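Open the model in your viewer and keep the selection panel at hand. The tour goes from stop to stop, with something to select at each one.

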Amino acid sequence: PNKYRSAWLAVMGDTLRQTTARIRAAVDEVDPNLRIGLAANRTSFDFEGVNIFTLARIAAGKNRPFIRLTGAPYWRNADRDMDLAAIVEGVRLQASWSPDPTIELVTEGDTYPRPRYYVSASELEGYDTALRASGCANGILKYMFDYTSKPDYETGYIDAQIRNEGLCAELAACFGGTTPVGLTVFEPMARYENEDLGPQPSLYGRGSFLMMSQRFLCDQSVPLAYRFSNGACAAFGESGRHLPEEACRNGVLTDAVGARHLMARGIDVGIVSCAPAPRPVFEHFMADDEDRPIGDRGAFYRFALKPGAREKSRFLIGVRGFGSNRTGTDAYPACYLYENAKGQKFMVYAFDLSGFVEESIWATGVSKDYCRQRQVQSGIAELQGYPLPAVCPGHPGLHLICGKKDDALSVGLWNFGSDPVWEPEVALGRRYGSIECFGCRGRVEGNRVRLDAPLPPYAFCFFRVSP
């Protein structure tokens, strides 16, 4: 943080406000009833000195503001590690930042560069239906025609839309009026002005947006929400600087950077000291008695922990390369749980999460791992004192969205992975007595739902359980 950054943001913000107002005035001279909307991009929320919601109100004049949010299916073509589930959750995060429910929000169903060789109709339908279930937007700008060809050159997107019309009506009935439930993700919109950017700052730095919280948590198949409730929350990295302390009473999942921000505010997270650590070769997961390899990227930290901190995994130092070995005795905590004297609970990882966007298919990272998935899901249950509303572990790319209305729970499953989910079994957070299925058939057995057929790649289904 410094005066130059603040001045730069102030100048940009003033310029954008003035330019937007001049555009609105020019349109008003023709017809003040004409609506003007804005299309968001990666910098529209925090890097321009004014956020897009403020600009949308200026652009709207006397009319209803509207915004096309950013994050589209084609983003997967630009970034190997940008999973479709994380793109969906990035859109939900933007929608949660809107300060005014009267602002009309539409999503970016862009299939650039078209045709379906590049972005499949199944990807577009998965993106569309997942965001419909979340209830975060008013509609979708759905790119289903090729820009340069005849209208009947590419009909696959339209065909898929028509085939799913009935299922989309059932989706609306199943999720309509529900409140999203799951792990709360805390990512404040305004933080850049006072953020510590490190030695190599970049507005378009990898991991800045989509946020690493979306990337990491989607790999764990954890249902997410964006409003505080009585459950645990995730606040990684810079978010720890801004997290309301009252949120700590329900449990916080964070990384080393987030923990250090909390400590700087006088919050006891169970760490006596924290120092940069050698990059490990393996992580030993106690619950699974499994050693899993760690890639050659990222920043790691050695914690000295307070009494009462309980380790869930440890980093092991060894020799890196093919057949990496575990020789030597040097190890340090990788993940631990801790409850302080105020009853605040924390699950902390000993790395900087922002450094783990894998740029190569050979990089294992710290996210895409069955042991990590089980660790995160069970850790959240320990933090908040009760299980997540629904989980279905062991299936890479499986994405869950959950919504609650009264005592009923709606659960959607989107298989954004390349393999079928052969025998889908969903563990619920409590026991239920009845089930309604849509796009699938299944049965409820206490706190388990078993579906009768596999869920193919890029297929989706959903159900509602009641007491």
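A nonpolar core here is a set of buried Ala, Val, Leu, Ile, Met, Phe, Trp, Tyr and Cys residues joined through side-chain atoms within 4.5 Å. Keep in mind that this is a predicted model.

**Stop 1: the core.** Select Phe 53, Ile 67, Leu 183, Leu 217, Leu 243 and Leu 253. Of the 93 residues in the largest nonpolar core, these touch the most other members.

**Stop 2: Leu 243.** Center on Leu 243 and show its surroundings. Which residues does Leu 243 touch, leaving out those up to four places away in sequence? They are Phe 186, Phe 228, Cys 233, Ala 235, Cys 248, Val 252, Leu 262 and Arg 265.

**Stop 3: helix α5.** Select residues 121–134. How far apart are the end C-alpha atoms of helix α5? They are 20 Å apart. At 1.5 Å a residue, the 14 residues should span 20 Å, so the two values agree. Next, color the helix by accessibility. Of its 14 residues, 12 are buried. Among them are Glu 123, Glu 125 and Asp 128, along with Leu 124, Tyr 127 and Leu 131. Step just past the end of α5 to Gly 135, where phi is positive, about 70°.

**Stop 4: α4 against α5.** Show both helices together. Two packed helices are described by the angle between their axes and the distance between the axes. Here the axes of α4 and α5 come within 10 Å and cross at roughly 35°. The crossing is right-handed. On the α4 side, select Leu 84, Ile 87, Val 88, Val 91 and Arg 92. On the α5 side, select Glu 123, Tyr 127, Ala 130, Leu 131 and Ser 134. By class, this contact has 7 nonpolar, 1 polar and 2 charged residues. An α-helix has 3.6 residues a turn, so residues three or four places apart point the same way.

**Stop 5: Phe 66.** Go to strand β2, residues 66–68, and pick Phe 66. Is Phe 66 buried or partly exposed? Its relative accessible area is 26%, so Phe 66 is partly exposed, since buried means under 20%. Not counting residues up to four places away in sequence, Phe 66 touches Arg 35, Ile 36, Gly 37, Leu 38, Ala 56 and Glu 104.

How values were computed:
Residues are numbered from 1 along each chain as its sequence is written. This is a predicted model: local features need pLDDT of at least 70, side-chain atom pairs count only at pLDDT 80 or more; totals for chains, interfaces and linings use all residues. Side-chain values use heavy atoms; hydrogens and water are left out. Helices (H or I, at least four residues) and strands (E, at least two) are DSSP runs, numbered from the N terminus. The expected span of a helix is 1.5 Å times one less than its number of residues. Buried means under 20% relative accessible area, exposed over 50%, partly exposed in between (1.4 Å probe, protein chains only). Contact means heavy atoms within 4.5 Å. Axes are lines fitted to C-alpha atoms, for helices over the stretch in contact, and angles run from 0 to 180 degrees between N-to-C directions. A crossing is left-handed if the near helix is turned anticlockwise from the far one by less than a right angle, and right-handed if clockwise. Ala, Val, Leu, Ile, Met, Phe, Trp, Tyr, Cys and Pro count as nonpolar, Asp, Glu, Lys and Arg as charged, and the others, Gly among them, as polar.
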